[in-house]
Amino acid sequence: MKKILLLLFCLYGVFVLNATEYTYVMSDYGKPAFTTSDGNFQTLGKKADGVTGPSYNGGEKSLDVRLYAKNTYTITSLKGVKITRIDFVISRTGKYNLTSLESTVGLCKVVGAPDFTASWTGETTEVTFTIGEKAIYGYDGETAAGQLDFTQLKITTDDASAIKTVKSSALNLFANNGVLTVTGFEDGTMIDIFDLTGSRRLSAPLNNGQIAIEQLNRGLYVVKIGNKVAKIMVN
């Protein structure tokens, strides 16, 4: 019979989960401003001080979101998880007009030939970029107006940032015969169980206040319910 012991001590340290990278293909959305299909992020392009507003190019050779000189582009985390990195995958046409980026927080790095990359690093739930005026990193150089044209948006998050640690005694957990029983939460509440490397080992909704955990190997795990976390030992 598998037993679980709830560790009765306060969890005031942050349990660090693995970072997660999300990749969004611009041709799936076909516009510069959208909410991602998984509901994790929202993007919003504005003309701001530019002459031309953001657009989507649906031509066969591009399929990119185009942000023109002095446009702004805001990326927001909708679930409170902090964004730590953003990579813009530059399109074929974007290599000609690649320009600098300024951000409200964090640091931006743009690289020209032969790599043609544009990336941001920081730690925030929202960041706004302003597109540079001249194509200083592109083939066309400063004789042309700057643009940021990208086919994919890659967003990396810190999955632990939305977790608030609490006293483990705030969670009432117990187990018997491979079943974890949780009281104080409605049926349908998602229960996530991670090993100590941060890998999710189990994710399931409560059903009659219980989930099956018989597939877990012996060891120490972290249970996350909403914004509450507790450690458990599976024997």
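Which residues form one aromatic cluster? They are Tyr73, Phe88, Trp120, Phe129 and Phe150. Here the rings of Phe, Tyr and Trp (its six-membered ring) pair if their centres lie within 6.5 Å, and planes under 30 degrees apart count as stacked, over 60 as edge-to-face and the rest as tilted. The count under this rule is ten aromatic pairs. One of them joins phenylalanine 88 and phenylalanine 129, edge-to-face, at 5.4 Å centre to centre with 85° between the planes. Because phenylalanine 88 lies in strand E8 (residues 82–90) and phenylalanine 129 in strand E12 (residues 126–131), this pair ties together parts that are 41 residues apart in sequence.

The model is a predicted one, in which local features need pLDDT of at least 70 and side-chain atom pairs count only at pLDDT 80 or more, while totals for chains, interfaces and linings use all residues. Residues are numbered from 1 along each chain as its sequence is written, and side-chain values use heavy atoms, with hydrogens and water left out.

The protein has 22 strands and zero helices. Both kinds of element are DSSP runs numbered from the N terminus, with at least four residues for helices (H or I) and at least two for strands (E). Of the 235 residues in the protein, 43% are buried; buried means under 20% relative accessible area, exposed over 50%, and partly exposed in between, with a 1.4 Å probe and protein chains only. The accessible surface comes to about 11900 Å², and carbon and sulfur atoms hold 48% of that surface. Such areas come from the Shrake-Rupley method with a 1.4 Å probe, and for residues only the protein chains shown count as cover. A contact means heavy atoms within 4.5 Å. Among contacts with a separation of 6 or more, 66% are between residues 24 or more positions apart.

The interior comes next. A nonpolar core is a set of buried Ala, Val, Leu, Ile, Met, Phe, Trp, Tyr and Cys residues joined through side-chain atoms within 4.5 Å. The largest has 26 residues, and Ile75, Ile86, Phe88, Leu148 and Phe150 are those with the most contacts inside it. At least two residues of this core come from each of E6, strand E7 (72–77), E8, E11, E12 and strand E15 (147–158). A second, separate core has 16 residues, including Val182, Ile191, Leu202 and Val234.

Two strands pair if DSSP finds at least two bridges between them. An open sheet of five strands runs in the order E3-E4-E7-E12-E9, with antiparallel pairing. Its edge strands, strand E3 (34–35) and E9, each pair on one side only. Within the sheet, six bridges join E4 to E7, and glycine 45 has tyrosine 73 in E7 as its bridge partner.

E10 and E11 are also antiparallel, joined by five bridges, and valine 111 has threonine 117 in E11 as its bridge partner. Five residues lie between the strands of this hairpin, where phenylalanine 116 takes a positive phi near 50°. Proline 114 is found in the loop between strand E10 (107–111) and strand E11 (117–124), and the peptide bond from alanine 113 to proline 114 is cis, with omega near 0°. Most residues other than glycine have a negative phi, and most peptide bonds are trans.

Two other loops hold a positive phi. Alanine 48, in the loop between strand E4 (41–46) and strand E5 (55–57), has a phi of about 50° and is partly exposed at 44% relative accessible area. Leucine 63, in the loop between E5 and strand E6 (64–68), has a positive phi near 50° and is partly exposed at 32%.

A further loop, between E8 and strand E9 (101–103), holds asparagine 97. Is asparagine 97 buried or exposed? Asparagine 97 counts as buried, at 14% relative accessibility. A polar atom of its side chain lies 3.1 Å from the backbone oxygen of alanine 145. Beyond four places in sequence, the contacts of asparagine 97 include Ala135, Gly138, Asp140 and Gln147.

Terms used:
A polar contact is a pair of N or O atoms within 3.5 Å; within protein, one must be able to donate a hydrogen and the other to accept it, and residues adjacent in sequence count only if both atoms are side-chain atoms.
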